[in-house]
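Subject: Structure handover

Hello,

Please find the structure below. My notes on it follow.

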Amino acid sequence: MRILHIGNTAGVASVIAKFMDRIFDTKSLVVMREVFDKYGLTTYGEVWNCGAKVFALKCLWLARKFDIVHVHDFDKLVPWLKCLYRNKPAILHYHGTRIRKRWKEREKFWSKADVVFVSTPDLLEDAPDHAIYMPNPVDTDLFYPMTNCNRKPKSALAFRYHLDEKKAMSYAKKYSLQLTILERNIPHKEMPKIFNQYEYYVDRTEIPSLSKTALEALACGLSVICWDGELVEKLPTEHKPENVAYKIYNIYSMSLQEMRMFKAPLF
């Protein structure tokens, strides 16, 4: 089975493709525009230095070689894919602001997809009944507790991204933590070293779901303070990459007719 991933929002496609290929011996290719990959999230796949129109045309041409096309956020491409390859499954995977509170506005794009995934539960608000929540996977090859690190006792880390700093500081005070707030401009492969210096991570406060960064912090052994001030101490099993790969592979293995029969969430 050959799968083309178009786009790599938050590096999710790279994680899915890597573990899918490892576990099920599929042949996956992830393609991403360089302008949207400043921090090196495409750890598995290719980064192209080209404009939006050239990227779209290259993807449409390349899709002819693959059995399944898995599009991440780039929903405008889906109608074109289905026009050119009517009998080729096209999966559309939304990851956040592209679709949050915009389902009606973008219906002309997602309605053409054979399957629609969303990466966090909050995105199911106002979603069509057939949209499937597909948990974000974490690359546990990269994010894990390091044995040689010296974590600062009662230390917490946060990034200035969808963060109300006053709220974050109040959460740190609640748990008697010393909070450090950094800019989110760290190369992806350096993030595990950063995480392993701290005991806690304060997640984004403005979106009611665990971010992928928070999941990576959990994989590194940190406790995470969520948007509502509650504490999560372990990476939920649904976010382990092998479990996500298994769920997606079951859908990849369906016929196009079976995919189109979705009437309600499967998971």
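Which side chain of opposite charge is the nearest to Lys 88, and how far away is it? It is Asp 67, at 6.0 Å. Here Lys and Arg count as positive and Asp and Glu as negative, while His and the chain ends are not counted. Lys 88 is buried but has no salt bridge. Buried means under 20% relative accessible area, exposed over 50%, and partly exposed in between, with a 1.4 Å probe and protein chains only. A salt bridge is a side-chain nitrogen of Lys or Arg within 4 Å of a carboxyl oxygen of Asp or Glu.

Before the rest, a word on the source. This is a predicted model, in which local features need pLDDT of at least 70 and side-chain atom pairs count only at pLDDT 80 or more, while totals for chains, interfaces and linings use all residues. Residues are numbered from 1 along each chain as its sequence is written, and side-chain values use heavy atoms, with hydrogens and water left out.

Lys 88 sits in the loop between helix 3 (78-84) and strand 5 (90-94). Helices (H or I, at least four residues) and strands (E, at least two) are DSSP runs, numbered from the N terminus. Neighbours within four places in sequence aside, the contacts of Lys 88 include Phe 66, Asp 67, Asp 114 and Leu 256. Contact means heavy atoms within 4.5 Å.

Next, a helix pair. Helix 1 (residues 12-24) packs against helix 8 (residues 241-252) at an angle of about 80°, and their axes are 9 Å apart. Axes are lines fitted to C-alpha atoms, for helices over the stretch in contact, and angles run from 0 to 180 degrees between N-to-C directions. The two helices are therefore roughly perpendicular to each other (65 to 115 degrees). Among the residues that meet are Phe 19 and Ile 23 in helix 1 and Ala 245 and Tyr 249 in helix 8.

Val 12 also belongs to helix 1 and is buried, at 0% relative accessibility. Leaving aside neighbours within four places in sequence, Val 12 contacts His 93, His 95, Asn 136, Pro 137 and Lys 212.

Finally, two backbone angles. Asp 73 is not a glycine, yet has a positive phi of about 70°. Asp 73 lies in the loop between strand 4 (68-72) and helix 3 and is buried, with a relative accessible area of 10%. His 162 has a positive phi near 50°. His 162 is partly exposed, at 31%.

Regards

Definitions and conventions. Parallel < 35°, antiparallel > 145°, perpendicular 65-115°, else oblique.
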